[in-house]
Amino acid sequence: MAQNLTVRKGQCINFGNCKKADAREMMEVNLGDDFVCPECESDLVETIAKPSFPPVVKRILIAAGVLLVLVAGGFWGYRQIFSNVTDKVAEHLKPLTQSPLTPESITLDKTSLTFTDTGTGEQLTASVSPDSLPEKDKTPRWQSDNETVATVDSNGLVTALAGGSAVISASLGNGLSAKCEVEVKVRQESEGDSSGEAQDKKEGGNVSISVEGGKYTGQIKNGKPHGMGTVRYSSRTLIDSRDMKKRHAEAGQYITGEFYNGRLVQGKLFDSKNNQLETVVLGRVN
């Protein structure tokens with residue numbers, strides 16, 4: 001039904017003083033006339049008529065509203081699914097994007113060692129932080145700066161060989177290191193010894209002599225290697241004629257171990273970079 005656009009509709013709100021107001025009567029006033037109540041002449045409150053839509057238009061509007069709700073709901077659901085997926089991916093990628101751990105410090109349980117007898121050993125233990133590092137990153141490289149005095153194996157075991165001093169270091173791949181100072185004190189014999197015996201014992205200190213294929217440094221007796229010492233080779237040399245394997249030491253390599261009357265009893269063969277190659281055991285010759 002078409003709306004009459006030539007009149008205005010309103011209600012009086014002068015309740016208690018106006019019968020039309022008390023009756024809630026809707027009044028029509030022609031355009032151009034005073035918009036007042038004909039009963040009490042109070043101003044009317046205009047009532048805006050609600051628009052009326054044909055049934056087809058109503059159905060279209062309802063369908064559009066339903067569609068809007070479905071689209072909004074679907075978008076919200078998509079956002080939730082996408083958010084969950086991205087969170088899961090980020091969680092799995094987190095270990096890959098984290099910075100790898102690196103050692104922060106290394107310390108030794110002892111910073112100095114003193115030996116009074118050659119051939120004896122002491123264990124050094126390294127502590128690396130943080131503790132959550134992989135084991136391979138917490139394993140140091142052990143090294144002695146004077147292997148004629150003291151050696152150290154890959155587990156930190158220090159062995160005294162001859163009188164003197166050395167520094168044992170434990171180093172990590174990122175350059176961090178810790179050090180232990182080693183002093184080997186050889187006992188001095190009393191003057192009451194017979195001259196020959198005293199001479200042999202004096203020779204038991206750290207002495208360097210030439211031997212076949214190189215130079216020996218360590219304890220000697222009667223001018224021969226006798227006790228703990230090291231032979232550094234300057235040319236390719238048969239280690240010992242008694243060796244059934246006929247092993248040779250190359251130039252730059254060295255053997256550290258025990259000698260008796262000029263012959264090797266047992267020792268370890270190292271290359272020029274202080275990497276142990278093998279252990280040589282020959283036994284004592286009377």
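Is C180 buried or exposed in this structure? C180 counts as buried, with a relative accessibility of 0%; buried means under 20% relative accessible area, exposed over 50%, and partly exposed in between (1.4 Å probe, protein chains only).

The model is predicted, so local features need pLDDT of at least 70 and side-chain atom pairs count only at pLDDT 80 or more, while totals for chains, interfaces and linings use all residues. Residues are numbered from 1 along each chain as its sequence is written, and side-chain values use heavy atoms, with hydrogens and water left out.

An open sheet is formed by 4 strands in the order β5-β12-β11-β8, with mixed pairing. Strands here are DSSP runs (E, at least two residues) numbered from the N terminus, and two of them pair if DSSP finds at least two bridges between them. The edge strands, β5 (112-115) and β8 (141-144), each pair on one side only. Strand β12 (residues 177-184) pairs with β5 in the parallel sense over 4 bridges. Within β12, V184 is the bridge partner of F115.

On the surface, I13, F15 and V45 form a nonpolar patch with about 280 Å² of accessible area together. Patches are made of residues with over 30% relative accessible area and no salt bridge, nonpolar side chains being joined within 5 Å. V45 belongs to strand β3 (residues 44-46) and is partly exposed, its relative accessible area being 41%.

The structure holds 0 disulfides, a disulfide being a pair of cysteine sulfur atoms within 2.5 Å. For C40, the nearest cysteine sulfur is that of C12, 3.5 Å away. C40 counts as partly exposed, at 25% relative accessibility.

Methods:
Patch = residues over 30% accessible without salt bridge, like charges linked within 9 Å, V, L, I, M, F, W, Y side chains within 5 Å. Areas by Shrake-Rupley, 256 points an atom, 1.4 Å probe, with all protein chains shown as cover. Salt bridge = Lys/Arg side-chain N within 4 Å of Asp/Glu carboxyl O.
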